[in-house]
Amino acid sequence: MNKKPAKFDLVVVANRLPVDREVGPDGEAGWRQSPGGLVTGLAPVMKTHDGAWVGWAGTPDEEIEPFDLDGMRLVPVPLSNDEFTQYYEGFSNATLWPLYHDVIAPPEFHRTWWDAYLRVNERFAQAAVTVAAENAVIWIHDYQLQLVPGMIRKLRPDVRIGFFNHIPFPPYEIFAQLPWRKQILHGLLGADLIGFQRPYDSANFLRAVRRNVGTVARNGLVRVTDENGEESHTAKAQSFPISIDAAELERLALKPEIQERARQIREEVGNPEVLMLGVDRMDYTKGIRHRIKAFAELLEDGALSVGEVTLVQIATPSRERLEHYKQIRHDVELAVGRINGEYGGLSTQAVNYLHHSFPRDEMVAFYLAADVMLVTALRDGMNLVAKEYVATRVNHDGALVLSEFTGAADELRQAVLVNPHDITGLKAGIMKAVEMTPRESARRMRALRRRVAEDDVQHWSRMFLETLAGLRRDN
Ligand code: ADQ
């Protein structure tokens, strides 16, 4: 009973649809928009542009008809159980994810995973062109779908194609390990505009293009040729650092009930002088172990003491069937157990560890409760947690300790920047944040907040789409 036309002017393609399944009070299953940053950034343009979103609904072996939600057409792409294992867990998260994050864990290369990646990318491309109107804009997201731009260009030369990579693009020496590096580059070069988080990522990509595809890249422009050597189009690579819905977070941070909840959280952990917070997906890229090690050494040295200081570490469950994820969870839980055994008391914990997901309001209450936010990723495309913390500090207090290896560090220069591999330096960074005077905190926080408020996620999606629309079409 859809009244909307079957063709759309703006089509977003991402591995996941921006919805979660929800069972209503009547016991009927329905859908609810999931609170991700991507949907926040795109919702306004989706509504004004007659937009469709193509993606997987989250359960393998399930066929779902397209449906409408909150002014968007949602177009589910099915995945079989084997495809979930090979395309998603395998090629996306056990090959590409570690390869693109500085090989912190060793990537695995399996030809059967690649075959599944190819097949699933083809399905996403087909689904996207089926709903794209003549001359539509198709915006593809992230490392799971790097072949889709090239596939769409072959099927539909009339559409404009944008691609945005949410994770880093690795230095060539690492990328070169990938047996299918040429296919990936050709896939990405199918786009008119290829967006990255940082100029560094974009430069890495252009270097890989120069080394493998042989086309000359200048000012981020690549003259792309087809299989017959004929000039096909110009692709542009550029950085567009993603951000958050800063105004919405600020609105939540000003709500009296959320401020009250922040006070309760402090009370629940024993009203320490300093509450330190870590918020991450449970992922080996996030540097959770390094952070806990630095904290343990500070307790050992007597620089900090339990009772005065506590660390709240929230780690969302993630990719739990993969070996390296089982390992990191095991390592973190062992380290937390050790510290608490060594330094905790009956009613005071050194580390308060929570392995769950929380609603948005509760996350904001945690940010408000924290005097020091610890973001110590070993490599991270951007890191939205750092920006979220800043956006909620409506009283201009608190200090952010931020890894140099996050995209966010390019913009958030007034944070206490650290190299998480250097445990001595990390300890010094944590102490600097703990001992920072209110005046110094306020000076830094004001500058950080200005940056996050100006460059929010709406600005990000507008910049990307305007740049895409403004590119000269020469084919
Ligand atoms: P992620 O690796 O998931 O994102 P991040 O950017 O920090 O990392 O985003 C995590 C999001 O999940 C944040 O919005 C945070 O509030 C939320 N979150 C974390 N723990 C939670 C919990 N326990 N309960 C509820 N919400 C929780 C990838 C890339 C990043 C890039 C983003 C966006 O790896 O580098 O910044 O995409 O492009």
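I took strands (E, at least two residues) and helices (H or I, at least four residues) as DSSP runs, numbered from the N terminus, and I counted two strands as paired if DSSP finds at least two bridges between them. The model is predicted, so I noted that local features need pLDDT of at least 70 and side-chain atom pairs pLDDT 80 or more, while totals for chains, interfaces and linings use all residues. Residues are numbered from 1 along each chain as its sequence is written, and side-chain values use heavy atoms, without hydrogens or water.

Strand pair. I found strand S14 (residues 309–316) parallel to strand S15 (residues 351–354), with 4 bridges joining them. Ile314 stands opposite Leu354 in S15. From S14 the chain passes through helix H11 (residues 323–343) to S15, a right-handed β-α-β crossover (clockwise from the first strand over the helix to the second, with the strands pointing away from the viewer).

Ligand shell. I counted a residue as near if one of its heavy atoms lies within 4 Å. The ligand is surrounded by 22 residues, and the closest are His166, Thr316, Phe358, Asp380 and Glu388.

Polar contacts. I looked for pairs of N or O atoms within 3.5 Å. A polar side-chain atom of Asp380 lies 2.6 Å from a ligand oxygen atom. For Thr316, a polar side-chain atom is 2.7 Å from a ligand nitrogen atom. A side-chain N or O atom of Arg360 is 3.3 Å from an oxygen atom of the ligand.

Shell elements. I recorded strand S13 (274–281), S14, helix H12 (360–369) and helix H13 (384–392) as the elements giving two or more residues to the shell.

Technical notes. Polar contact = N/O pair within 3.5 Å; in protein donor to acceptor, adjacent residues only side chain to side chain.
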